[in-house]
Amino acid sequence: MTMLSSAPGGASVRGPVTPPPSASVTKRRTQGGVILAVPALAWYLVFMVGPLVAIFVIAALHWPGMLQPVSFAGTGNISAVLDDPVFWDAVQNTAVQLVVAVPLMIVGAYMLGYYVAQKPPGHRVLRYLLFIPGLISTPAKAMVFYAVLSPDGLLNGALDKVGLGSMTDAWLASPSTALGSLILLDVWSGIGFTAVLFAARLGSVPDEIGEAAQLDGAGHWRAMWRIHFPVIRDFVGVVTMLQFLWTLFGSAQNVLLLTQGGPGSSSTTLSFLVYQKAFIAADLGYSQTVGVVLFLVGLAGLLTIRRVFRQNY
Amino acid sequence: MKFGRSWLPAHIFAWLYMVLLVVPLYYLLVSAFKTNDQIFGSPFSLPTSFSTANFTESFSSAHLGPAILNSMLVTALALVLTLALAIPAAFAIARAEGRLGALVERVFSLGFLIPTFAALFPTFLLAAATGLFHTRAFMVLFLPATAMPLSVVILVQFMRTIPREMEEAARMDGASTFAVLRHVYTPMCMPGIATILLLNFLTFWNEYLYSLVIIGPDPDLRTVQVALPTLKSLTGTDYGILTAGTVLTLVPVWVVYTVLQKRMQQALVSGAVKM
């Protein structure tokens with residue numbers, strides 16, 4: 001700055017009454033700074049924050065279809081939602097999905113990531129393959145699973161081959177297995193991608209930590225959970241939050257593509273219910289009331305996960 | 001003896017998952033060259049001929065040609081807009097010293113916690129209100145907004161590492177703020193720009209639900225992710241055609257991944273780590 005103020009900078013050339021150049025440069029710098037962030041901020045507020053706020057407004061409206069008259073419903077939608085057995089089915093399905101899929105994904109991915117980070121034989125191949133589910137779009141993954149789980153698909157074919165033909169099922173069309181199949185898809189694609197994240201993070205843990213553990217005679221199991229895990233605990237928490245959100249909100253797509261929530265409501269999740277009530281059943285107030293519920297569940301989940309993974313040493 | 005006998009269960013579990021990961025993909029690939037009879041009769045065998053009949057059939061029946069072009073168009077334009085918005089914003093935040101800059105940064109970093117899906121219906125209303133419902137233009141405008149938090153936060157990290165002296169030297173030569181951004185900051189954070197391009201390429205190319213609702217099913221406008229699932233109902237249960245179409249939509253992403261594997265992994269990892 002001292003250099004600048006003594007030099008005849010561009011700023012002093014412009015002003016008719018030459019102010020101290022350093023002050024002028026600083027002022028222009030902060031002004032320019034604020035203005036440059038405005039477009040991105042405006043974009044973000046219009047397309048992301050605005051619609052999010054609108055959810056809460058629409059949730060208080062009675063709106064039976066796009067072209068129908070709108071009236072204020074107050075808490076009417078809330079009681080309609082709470083009285084609907086389908087909503088409670090969706091709550092239960094979402095709870096099962098979260099409780100099964102998220103821990104399975106995180107624990108499996110952590111162990112797999114730890115394994116890859118130790119650079120066992122073939123770890124390059126592992127890394128390459130583990131990443132693939134992260135690249136494939138949701139519709140493509142759903143089509144793969146549709147082909148695998150269909151009545152004459154890969155899974156039933158394989159069961160027949162090994163003599164377990166009696167176990168074959170129409171996996172996506174049977175009330176007892178539809179939700180399970182969706183969870184399987186989540187876990188199948190979630191573990192690989194998450195494991196790569198953990199492996200990358202574990203790769204930056206100093207080697208000395210592992211070596212010290214070995215000298216102390218700690219087994220691999222102990223080294224993995226008692227020594228490395230506490231070091232990256234924060235990071236595991238962040239990844240758990242992300243997976244929780246993806247599972248909670250993202251399930252609408254898989255349900256839509258594979259089971260449409262059925263049979264009955266056996267695979268309807270909360271996020272699919274939001275979609276279904278908005279775009280299929282045209283009960284917009286109901287849909288966005290469930291949207292508010294989803295939002296609150298997401299918030300509560302985030303706070304809980306943050307608390308569980310808080311660094312405690 | 002780092003990987004002694006006690007590692008055996010770990011080896012087994014890791015490679016077992018690998019098998020579970022690869023088998024459906026292998027099945028996808030070989031089925032694309034088979035007829036239904038062959039798929040049901042011998043799901044695991046290699047195809048007897050590498051006929052491209054399924055590919056051409058899926059290509060024409062789901063109108064994948066225009067769909068791929070639409071996806072490319074939307075993805076490319078949305079990427080350009082993302083950079084045009086995120087680079088100046090990151091520049092402003094990285095250089096700001098006051099409380100305002102910190103506040104703006106906080107707004108963007110909290111944006112990570114807003115899942116895109118949450119506001120699907122209000123976004124649909126916004127599209128209808130602006131007269132851009134059933135257009136690709138709305139997606140080009142909308143997708144960058146979803147990418148803003150991650151892109152800005154990653155770029156700010158890169159721009160903070162650029163020493164102040166670089167800017168001061170440019171200022172001495174009479175450079176304007178815009179010139180500093182263009183000739184000093186942008187070239188110096190190319191790795192950051194590459195990272196957000198790769199990350200957003202993946203999310204934009206793979207985006208499904210918003211494209212479905214907002215662009216809609218018109219074969220001339222829809223993206224490839226919307227076109228693909230229509231094969232399921234169009235072809236009834238011809239798995240050969242369905243899998244061939246799926247393979248076609250995966251090719252661009254898979255090519256980019258194989259060429260840029262290291263860089264892409266870094267990009268995705270940093271996307272999650274920077275949260």
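Figure 1. Helices are DSSP runs of H or I with at least four residues, strands are runs of E with at least two, and both are numbered from the N terminus. The model is predicted: local features need pLDDT of at least 70, side-chain atom pairs count only at pLDDT 80 or more, and totals for chains, interfaces and linings use all residues. Residues are numbered from 1 along each chain as its sequence is written, while chains are lettered from A and ligands numbered from 1 in the order in which they are written.

**Figure 2. UniProt places the feature "transmembrane region" at several spans of chain B.** The unreviewed entry lists residues 12-33, 67-94, 106-132, 138-159 and 239-260. Positions follow the numbering used here, feature names are shortened, and annotations may be inferred rather than shown by experiment. In the model, residues 12-33 of chain B are 91% helix and 0% strand. The end C-alpha atoms of that span lie 31 Å apart.

**Figure 3. Chain B meets chain A.** The contact involves 78 residues of chain B and 78 residues of chain A. Two residues are in contact if their C-beta atoms, placed from the backbone, lie within 7 Å. On the chain B side, helix α1 (residues 8-31) gives the most, with 13 residues. By class, this side of chain B has 57 nonpolar, 17 polar and four charged residues. Nonpolar means Ala, Val, Leu, Ile, Met, Phe, Trp, Tyr, Cys or Pro; charged means Asp, Glu, Lys or Arg; the others, Gly among them, are polar.

**Figure 4. Helices α4 and α7 of chain B cross.** Helix α4 covers residues 64-95 and helix α7 residues 136-160. Their axes come within 6 Å and cross at roughly 40 degrees. Axes are lines fitted to C-alpha atoms, for helices over the stretch in contact, and angles run from 0 to 180 degrees between N-to-C directions. The angle makes α4(B) oblique to α7(B). Angles under 35 degrees count as roughly parallel, over 145 as roughly antiparallel, 65 to 115 as roughly perpendicular and the rest as oblique. The crossing of α4(B) with α7(B) is right-handed. A crossing is right-handed if the near helix is turned clockwise from the far one by less than a right angle, and left-handed if anticlockwise. The contact of α4(B) with α7(B) holds 23 nonpolar, three polar and two charged residues. Val80(B) sits in helix α4 of chain B. Its C-alpha atom is 9.5 Å from that of Val140(B), 60 residues away along the chain. Val80(B) has 13 other C-beta atoms within 10 Å, so it is partly exposed. Buried takes 20 or more other C-beta atoms within 10 Å, exposed 12 or fewer, and partly exposed lies in between, with C-beta atoms placed from the backbone.

**Figure 5. Helices α11 and α12 of chain A cross.** The axes of α11 (residues 207-215) and α12 (residues 220-231) come within 11 Å. They cross at roughly 150 degrees. The pair is therefore roughly antiparallel. The crossing of α11(A) and α12(A) is right-handed. Ile209(A), Gly210(A) and Ala213(A) of α11(A) make the contact with Ala223(A), Ile227(A) and Val231(A) of α12(A). Five of these residues are nonpolar, one is polar and none is charged.

**Figure 6. Helix α14 of chain A is largely enclosed by the rest of the structure.** This helix spans residues 270-279, and nine of its ten residues are buried. Among them are Leu270(A), Phe272(A), Tyr275(A) and Lys277(A). The buried residues of α14(A) pack against α5 (85-117), α13 (233-258) and α15 (284-308) of chain A. They also pack against α6 (120-129) of chain B. Chain A as a whole has 15 helices and two strands. Of its 313 residues, 43% count as buried.

**Figure 7. Helix α12 of chain B is also largely enclosed by the rest of the structure.** Eight of the eleven residues in this helix (residues 224-234) are buried. They include Val224(B), Gln225(B), Pro229(B) and Lys232(B).

**Figure 8. Gln260(A) and His134(B) have positive phi values.** Most residues other than glycine have a negative phi. Phi of Gln260(A) is near 55 degrees. Gln260(A) lies in the loop between α13 and α14 of chain A. Phi of His134(B) is about 60 degrees. His134(B) lies in the loop between α6 and α7 of chain B. Gln260(A) is partly exposed, with 15 other C-beta atoms within 10 Å. His134(B) counts as partly exposed, with 15 C-beta neighbours inside 10 Å.
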